[in-house]
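The following paragraphs lead the reader through one protein structure. Please keep the model in view while reading.

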Amino acid sequence: MVTIPLRTDLLWYELRVELDGVRYVLELRWSAREEAWYLDLKTAAGEVMAHGLKVLVDLPLGRRITDERKPPGVLIAVDTSGAHLDPGETDLGGRVQLYYLTAVEVVDLLATDTEITTEVTSATEHVILGG
């Protein structure tokens, strides 16, 4: 599982990440009108694969993306406080973290019939509690 390094000091920014060996651009922006964070997924060249994915905790982001260039794993936001609250303006990168489960991790979870949100929550609790 990879922790995506997010900024807590900006309300609109891009970051470059490597997911399963491929470079991508994530654009994150806060909508004051909707009081929600949105994510765009782009290729390393900046071509948009998904636009306006609302960042909700415990739900895989972009699970309905049909673009073949999408990452083979899963992006998921987790409320590290355990309250399962979606991120507010200052929460993304703090209370709410963004994780990437690699394609191998997803296959392993599917083989054991474990839900992705359960596995990510368990893993983050393990890290947070130092277990």
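In this predicted model, Glu47 has a relative accessible area of 42% and therefore counts as partly exposed. Its side chain meets that of Arg69 in a salt bridge, with 2.5 Å from N to O. This pair joins distant parts of the chain, since Glu47 belongs to the loop between E4 and E5 while Arg69 belongs to the loop between E6 and E7, 22 residues apart. Arg69 is likewise partly exposed, because its relative accessible area is 37%.

Side chains of opposite charge can pair when their charged atoms come close. Across the whole structure, a search finds 10 salt bridges. One of them connects Asp91 and Arg95 at 2.8 Å from N to O; with a relative accessible area of 21%, Arg95 is partly exposed.

The side chain of Arg29 lies over the face of Trp12, 5.8 Å from the ring centre. A search of the whole structure finds 1 aromatic pair.

The interior comes next. In soluble globular proteins, nonpolar side chains tend to be buried together. The largest nonpolar core in this model has 26 residues, and those with the most contacts inside it are Ile4, Leu26, Leu28 and Leu98. Two or more residues are given to this core by each of the strands E2 (12-19), E3 (22-31), E4 (36-43), E5 (48-54), E7 (74-79) and E8 (96-101). Leu26 touches, among others beyond four places away in sequence, Ile4, Tyr13, Leu15, Val17, Leu39, Leu75 and Leu98. There is also a second, separate core of 7 residues, which includes Val74, Ile76, Val106 and Leu109.

In total, 6 of the 6 residues of E7 are buried.

E7 pairs with two strands. With strand E6 (residues 60-61), the pairing is antiparallel over 2 bridges, and Ile76 in E7 is the bridge partner of Pro60. With E8, E7 pairs in the antiparallel sense over 6 bridges, and there Leu98 is the bridge partner of Ala77.

Conventions. Residues numbered from 1 in each chain as written. Predicted model: local features only at pLDDT ≥ 70, side-chain atom pairs only at ≥ 80, totals over all residues. Heavy atoms only, no water. Phe/Tyr/Trp six-rings, centres within 6.5 Å; stacked < 30°, edge-to-face > 60°. Lys NZ or Arg CZ within 6 Å of the ring centre and 35° of its normal. Core = buried A, V, L, I, M, F, W, Y, C linked by side-chain atoms within 4.5 Å. Buried < 20%, exposed > 50% of the residue type's maximum accessible area, 1.4 Å probe, protein only. Helix = DSSP H or I, 4+ residues; strand = E, 2+ residues; numbered from the N terminus. Contact = heavy atoms within 4.5 Å. Pairing = 2+ DSSP bridges. Salt bridge = Lys/Arg side-chain N within 4 Å of Asp/Glu carboxyl O.
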